[in-house]
Amino acid sequence: MTGLPLLERRTPGWVVLQLLEECNLRCSMCYEWGETGAYRDGRKVAELALPVALRVIDECLPTRPRFELFGGEPLLYDGIWEVISRIHGGGCDLAFPTNGTLLATHAERLVACPPSLVWISLDGPPAVNDAQRGNGVFKRALAGIAAVAAEKERRGSACPALGVTCVVTPANWEHIAELFLETLDLSQLSQVSIELQSFVTEAQHRAHVRRLRERFGVVSAPYARAYVRDASLFASMDRARIVDQLVRIRQECLTRGVRFFSQPRTLDAANIDAYLDGRWEAMTDRRERCAVPWLCAEVSARGEVTTCHTFYDVSAGNVNERSLLDIWRGEALGRWRDELRGGLLPICTACCRYYQ
């Protein structure tokens with residue numbers, strides 16, 4: 001924690017809106033629509049109603065929080081431009097991820113009313129990327145980056161800043177340097193983020209479900225279930241070679257003035273080895289506490305409010321029924337924070353916020 005003022009926040013400083021669950025890709029490693037994805041259970045996909053999304057934004061604008069949009073694929077949302085315009089007009093920072101396939105179509109509007117930052121997800125050079133994401137995806141994403149960069153130059157605009165995020169998996173780990181140092185034009189980017197694939201063990205998930213049942217009466221955790229992997233899946237990944245690639249990319253980014261992020265932050269073979277082996281207690285980056293529940297409100301496409309990114313199994317309330325600020329200040333979220341004061345959840349090591 002960072003002191004009493006943080007604990008006394010009456011409004012969130014960081015608001016994440018999952019606009020919809022739908023996506024136009026089926027990336028194999030995705031915890032939403034991938035091989036073990038939480039949304040592949042046959043249910044009807046959800047979408048946050050536009051009037052509700054705008055009401056939540058308007059509630060929060062007076063204190064100018066940082067906003068993020070999320071999906072599915074945010075650019076598929078019918079009301080995306082109303083959402084971006086409302087946040088932009090309120091003078092707030094806004095970032096969101098995209099698979100990049102729709103960027104070229106929307107380049108002009110993205111620069112005319114820009115978010116602060118757009119993250120494009122890529123997994124490697126063309127053949128490697130498309131093996132995980134689908135045929136032709138890399139070409140479309142790269143064309144989208146080029147279209148936005150060209151429109152920014154035409155308008156003399158610095159926004160939106162563009163970043164590329166890459167998830168390191170057993171299928172692409174040998175090709176990360178090739179992507180960033182040989183394939184992409186780093187002059188078009190302002191940020192790079194490289195993250196080892198998030199996962200939890202079967203034992204962690206069981207412990208998580210047991211704790212949710214005992215403390216909150218929640219009997220299952222399907223969102224968290226989507227992250228379950230056996231650590232043996234990562235055994236073939238050469239940790240020293242991964243570190244070597246990431247260090248070289250980090251240095252090139254430093255030289256070019258491109259911000260570099262990694263998950264985990266500490267880039268040495270022992271730390272990466274502990275991560276991929278599921279020995280998080282041995283990591284240099286291990287944490288005992290998390291400030292996010294006191295900072296961040298996340299609204300799912302179904303309207304459920306949580307503080308924990310993508311772990312939507314416990315809800316503090318629904319914005320279709322109550323205001324976000326009532327939920328933020330309410331008893332249920334207070335109980336959740338009290339629980340986390342006592343220590344992290346068994347699955348917290350799989351959360352990207354844990355490493356930020």
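Q: Which residues form the negative surface patch?
A: Glu22, Glu47, Asp78 and Glu82 form it; a patch takes residues with over 30% relative accessible area and no salt bridge, like charges being joined within 9 Å, and Asp and Glu count as negative. The place of a charge is taken as CG of Asp or CD of Glu, and accessible areas come from the Shrake-Rupley method with a 1.4 Å probe. Please keep in mind that this is a predicted model, in which local features need pLDDT of at least 70 and side-chain atom pairs count only at pLDDT 80 or more, while totals for chains, interfaces and linings use all residues. Residues are numbered from 1 along each chain as its sequence is written, and side-chain values use heavy atoms, with hydrogens and water left out.

Q: And where is Glu47 placed?
A: Glu47 sits in the loop between strand 1 (14-18) and helix 2 (50-60), where helices (H or I, at least four residues) and strands (E, at least two) are DSSP runs numbered from the N terminus. Its relative accessible area is 43%, so Glu47 is partly exposed, a class that lies between buried (under 20%) and exposed (over 50%).

Q: Switching to the sheet, what is the strand order?
A: The open sheet has 9 strands in the order 7-6-5-4-3-2-1-8-9, with mixed pairing, and two strands pair if DSSP finds at least two bridges between them. Strand 7 (259-263) and strand 9 (305-306) are the edge strands, each pairing on one side only.

Q: In what sense do strand 2 and strand 3 pair?
A: Strand 2 (residues 66-70) and strand 3 (residues 94-98) pair in the parallel sense over 2 bridges, and Phe67 stands opposite Leu94 in strand 3.

Q: How many salt bridges does a search of the whole structure find?
A: The search finds 23, a salt bridge being a side-chain nitrogen of Lys or Arg within 4 Å of a carboxyl oxygen of Asp or Glu. One of them joins the side chains of Glu21 and Arg302 at 2.9 Å, N to O. Glu21 lies in the loop between strand 1 and helix 2 and Arg302 in the loop between strand 8 (296-299) and strand 9, so this pair ties together parts that are 281 residues apart in sequence.

Q: Is Glu21 buried or exposed?
A: Glu21 is buried, with a relative accessible area of 1%, whereas Arg302 is partly exposed at 29%. Both belong to a network of salt bridges that also links Asp41 and Arg43.

Methods:
Patches are made of residues with over 30% relative accessible area and no salt bridge: like charges are joined within 9 Å, nonpolar side chains (Val, Leu, Ile, Met, Phe, Trp, Tyr) within 5 Å. Buried means under 20% relative accessible area, exposed over 50%, partly exposed in between (1.4 Å probe, protein chains only).
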